[in-house]
Amino acid sequence: MPIHSSVLELIGQTPIVKAQRLDAGVCELYLKLESANPGGSIKDRIGLSMIEAAEKRGDLKPGATLVEGTAGNTGLGLALVAQQKGYKLILVVPDKMSREKIFNLKAMGAEVRLTRSDVAKGHPEYYQDLAKTIAEQTPGAYFVNQFGNPDNPAAHEFGTGPEILEQMDGDLDAIVFGCGSSGTMTGLSRAFATLSPKTELVLADPVGSILAEYINDGVLNDKSGSWLVEGIGEDFLPSISDFSRVKKAYAITDAESFHTARELLGKEGILGGSSTGTLLAAALKYCKEQTTPKKVLVLVCDTGNKYLSKMYNDYWMLDNGFLERPQHGDLRDLILRPYGQRDTVVIGPNDLLTTAYQRMKLYDVSQLPVMDGEELVGIVDESDVLLHVYGDEARFRDPVATAMVSKLDRLDVKSPIEALLPVFDRGQVAIVMDGNAFLGLITRIDLLNYLRRRVQ
């Protein structure tokens, strides 16, 4: 293997793995690991393509400011290239983006501006419109505009497409992809039209997006829904889009996407992102519909490392109704972390307050039940610790028993849900008991999540 002079030289030439344990019917299913790009996604390709093409045209001066709106990985690809080439980068991202992506972007030096994810194109706070406005108001800024930039699909027409066919020895019956800016679809469509006309193009689309209906029924809906999968799906047709060779599309729910991505990890050992789950779910549907063997390739478009706090987090999946939980018909249905399953984060009365503080920070909780063996003897929250140590930080070394509240209001598990409201009104969490047995805590957000799940 050669020694490279820049991480940018590692973009592209990603490996392909043949699936062994996924049920693809009579078909052979191949996984193109775009997650192996240095920035972790297929968008590294267009980040490099769009910036280098702008340099060749003379659109970028040394130290210029790049501005872009991104709902997915394009920002990470641009941040990687901008960092290596010395450009400042301002990214406008919708507030549904995973926090891992935002942390990643900031760590690479990008300026991140969050905006609303509940507004459509044409609204001043829609991420693309806001990015354009910022570019216009920033002296010397260059608006990358992935949705209208021909250098986006060119990365796939002349790079990704020929690369796939070379790896597959020119033999590929179908490829499954998603569509955000539409660069991947448009570029691959043009590449296969010339190099492999027999290859069928299959679109995977989140339920709520308008694209699957447009492909399958020829209907261009002006109203879209909402979805949690990041980076694919649209509420309009990007100006660079070319859907002419795409004849089949599958609408995939968020639940299918998340569960299929988790299945990919569980069966093939490949950690893919949320959009990868959408693409793979569509690919498996396509494969199972076939009656003759076909070689089908699906893009693993980004790594799941950016979604560990979301779809790979069982608590997040439970909160959002994507994992089933046993139903009891009582307050147990609202306990996110049952003590009986050892999911509740607890502390002992003789543990130090500094341990309680660290445990709260680690698990992102505001209060800890204090357990002496199997007996609940108190509860300690952030305010208890703060009031105890304020003015004498040495008190962090005091035992939890010195700061905990031991006089507790407990709710029987058979109490009605309405009994939670006075507890919350007093600024407390609900301590749920079955006789003398502690079952767990219920917080305000637990109740909100429960109520929201009932209307899904």
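Two strands pair if DSSP finds at least two bridges between them. Helices (H or I, at least four residues) and strands (E, at least two) are DSSP runs, numbered from the N terminus. On that basis, three strands form an open sheet of mixed pairing, in the order E13-E14-E15. This is a predicted model: local features need pLDDT of at least 70, side-chain atom pairs count only at pLDDT 80 or more, and totals for chains, interfaces and linings use all residues. Residues are numbered from 1 along each chain as its sequence is written, and side-chain values use heavy atoms, with hydrogens and water left out.

- Strand E13 (410–412) and strand E15 (437–442) are the edges, each pairing on one side only.
- Neighbouring strands are turned by 35 degrees against each other on average, direction ignored. Axes are lines fitted to C-alpha atoms, for helices over the stretch in contact; angles run from 0 to 180 degrees between N-to-C directions.
- Three bridges join E13 to strand E14 (residues 430–434) in the parallel sense.
- Asp 412 sits opposite Met 433 of E14.

- Strand E11 (residues 367–372) has five of its six residues buried, so it is largely enclosed by the rest of the structure. Buried means under 20% relative accessible area, exposed over 50%, partly exposed in between (1.4 Å probe, protein chains only).
- E11 pairs with strand E12 (residues 375–381) in the antiparallel sense, over six bridges.
- Met 371 stands opposite Leu 376 in E12.
- Two residues lie between the strands of this hairpin, and Gly 373 in the turn has a positive phi of about 70 degrees.

**Helices H1 and H2**
- The axes of H1 (residues 43–57) and H2 (residues 74–85) come within 7 Å and cross at roughly 50 degrees.
- H1 and H2 are therefore oblique to each other. Angles under 35 degrees count as roughly parallel, over 145 as roughly antiparallel, 65 to 115 as roughly perpendicular and the rest as oblique.
- Contact (heavy atoms within 4.5 Å) involves residues including Ile 46, Met 50 and Glu 55 of H1 and Leu 78, Val 81 and Lys 85 of H2.
- The contact residues divide into eight nonpolar, three polar and five charged. Ala, Val, Leu, Ile, Met, Phe, Trp, Tyr, Cys and Pro count as nonpolar, Asp, Glu, Lys and Arg as charged, and the others, Gly among them, as polar.

**Helix H3**
- Glu 100, Lys 101, Ile 102 and Leu 105 are buried in H3 (residues 99–107).
- The buried residues of H3 pack against H2, strand E4 (88–94) and strand E5 (111–115).
- Gly 109 follows H3, with a positive phi near 100 degrees.
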